[in-house]
Amino acid sequence: MASATKFFYDAEFIGACVSRILSNPFWMEKNGEIEELNDKSVEVFFSHTLPACGFHNILMDKGTVAIQVRENLVREVNIKNIREFVQYVLSRLPGGPAIIDRMVQKFNKFLDQKIITTLRVLDDYQPLKDRRKVAYRFYQNGAVLIRADSNEVELVDYKDLDGFVYLSQIIDRDFNPSLLSCDEGELLKDNTDRNGFEFLKWMQNLCKDRLTDGSWEFDSKKFRSMFSSYGYLLHQYWNDYKCVIFVDADMESGKANGRTGKSVVLNDSLAAALNTCVVDAKTISKKSSSSSSKDFAFTFVDQSTQHICFDDACEDFAFDSLFSIITGDLTVNPKFGKMSKFSKKEKPKMSISSNHPIIGDGPSYIDRQHIVEVGEFYRFHKMELGKTPDKFHGGWLFDEDWGSRNWEEFDALCVYALRFYLQNGLVGGGYSEKYSLNKLHSAVGSADLCSALYRLIKQNSGTGEFLYQKTVDGMSEEHRSRSVSAYIEENVPGEEFTPNQIKTALRLVANHYGFRVKGLVEQDRIQRRFGEGAGKAVNAYLVADSNNPFPQVKEEVEVDAEPLDLVAVGDSLDKEPVQDDAFEYFKHLAKS
């Protein structure tokens, strides 16, 4: 990003400041000597000298902000910045050191901290903002203007803009409009065998699937989803209140394979395209989640931040802690420094990279996520064939050895992605069948347990026979064969599960595969008794396919000469508290 020192201290701007100051000096000379500064000097210093150097106050959401501005390019300043700049400019004047000496003698009037509050206010001066169908990219040679209703882009001089741009958001490169000649249809095809546009090829390699014959097939549908999400992150306006989530397509429950290239997109590339703050996502877990930890996660976010990347999310990443931030305002109260506030449409965009599925189901989760599944192309070639990514691209992307042509092509691709998003919106991004299954495995904690429960549920769907939570005395062998705990013990050896874990897993597996189960929620509770007398009560479940009504329960079979009694729904015998996150969502599904 552009350097404030380089921009505000260059000879052209310093010369212009000197000329403006001399047009109405705040000091008087007599016989070649600088006279003592008086109240008139103070008034001219604040009304003319400081504005001549570009210092003003502006009104923002977080209150009054002191800035220095040059041709609509702005940096936020503090008293130290002002003192240093004024001293530097005055030292270029004839008699400048004497002027500075006189100011120091009246330090409280000219250089005290309170001068920040006396800077003249620029009325109706606001940062240039992206809008629903308009986006800007900021480069050294101008602002690139992209519109949804046009395939043409404009390169606009900053002084002609209707608003200011933070200097920290200026990319320290020139933009090359001549590289915007590629047709969108060609761009969306597999370009990995062509020369140039290495980052485009990187993203397209992430969208390849390995076939059974060992070849790699480009999935244009996946790429459209990834490309639109990239444009969405670049667009500094929240058309869609979603967080972009990059996950491994071939993830396995309990394993963090990684090394697929997700971070090159969400971290490296976007740090080169936006003012990006990277947050260690491991600090936002279900175990450690709290309001204070969430606030401190944004310690390094400031008013010029454009993108927040939650890097390498843990297996129990607390996505629900971001609910209000994704759909509402973002207030950052750092450990040190001034609080920042962003409105819901202008806060930084957010992304997550994860080797695990994001835990949590229901509309509140689904509607806030845009899922991008990343293939194993780079990991396979590196780990299995010993071919590192640089061999595909003639070097490492975003490295110090990347040439100017590489950067120009990357910047052009950013504009292509922005235009694609503005014209098409977010494409895809829902849960694929494979991702949904991975979420199920992760939520249950065992792929083997999921498979075993699916087989048990399928075998008993529509039969009219009850499944039982566990075996109890008085059960026949036929009843014992439908004991869930006994079935799990036999089919998932070496793993132990609590009754609540099994109950939760049964509910989640049934829901995932479209079965309806009576008896799993408190309002629908069923218990059966076995044995002589009052017998022993056990929770019972009745399974039906979601497309068919529940079958009639088969006639009762006598055990030990005593009829099997159906305990009323809600009976308090052997009740277990429901303690899993899926409970509320399952009730929602059952009602629908």
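In what order do the five strands of the open sheet stand, and is the pairing parallel or antiparallel? Some notes to get you going, starting with the basis of the numbers.

1. This is a predicted model, where local features need pLDDT of at least 70 and side-chain atom pairs count only at pLDDT 80 or more, while totals for chains, interfaces and linings use all residues. Residues are numbered from 1 along each chain as its sequence is written, and side-chain values use heavy atoms, with hydrogens and water left out.

2. First, the overall picture. The protein chain has 22 helices and 23 strands; these are DSSP runs numbered from the N terminus, with helices being H or I of at least four residues and strands E of at least two. Of its 592 residues, 52% count as buried, meaning under 20% relative accessible area with a 1.4 Å probe, protein chains only (exposed is over 50%, partly exposed in between). Take the contacts between residues at least 6 apart in sequence: 74% of them join residues at least 24 apart, a contact being heavy atoms within 4.5 Å.

3. Now back to the opening question. The order is β13-β14-β17-β12-β18, and the pairing is parallel; two strands pair if DSSP finds at least two bridges between them. β13 and β18 (369-374) are at the edges with a single partner strand each, so one side of each has no neighbour in the sheet. From one strand to the next, the twist averages 20°. Angles here run from 0 to 180 degrees between N-to-C directions, and axes are lines fitted to C-alpha atoms, for helices over the stretch in contact.

4. Have a look at β14 (residues 307-313) in particular. Six of its seven residues are buried. Five bridges join β14 to β13 (residues 276-280), with C277 partnered by I308 and V279 opposite F310. β14 also pairs with β17 (residues 349-354) over five bridges, again in the parallel sense; there A313 has S354 as its bridge partner.

5. What packs on the sheet? Helix α9 (residues 220-234) does, touching β12 (243-248), β14, β17 and β18. The direction of α9 makes about 130° with that of β18.

6. L270 is worth a click. This residue belongs to helix α10 (residues 262-273) and counts as buried because its relative accessibility is 0%. Leaving out residues up to four places away in sequence, L270 touches Y230, L233, L234, V265, T276 and H307. L270 and H307 are 37 residues apart along the chain, yet 7.8 Å separates their C-alpha atoms.

7. A search of the whole structure turns up five cavities of 30 Å³ or more. A cavity is a set of points, on a 1 Å grid over the protein atoms alone, where a 1.4 Å probe fits but cannot get out, and lining residues have an atom within 4 Å of a point. Grid points are joined across faces, edges and corners, and a volume is the space filled by probe spheres set on the points. The largest cavity holds about 40 Å³, and its lining includes F197, W402 and F410. α16 gives the most to that lining, with four residues. By class, the lining has six nonpolar, one polar and two charged residues. Nonpolar covers Ala, Val, Leu, Ile, Met, Phe, Trp, Tyr, Cys and Pro, charged covers Asp, Glu, Lys and Arg, and the others, Gly among them, are polar.

Terms used:
On a 1 Å grid over the protein atoms alone, a cavity is a set of points where a 1.4 Å probe fits but cannot get out, and a pocket is an open set with protein on both sides within 12 Å along at least five of seven lines; lining residues have an atom within 4 Å of a point.
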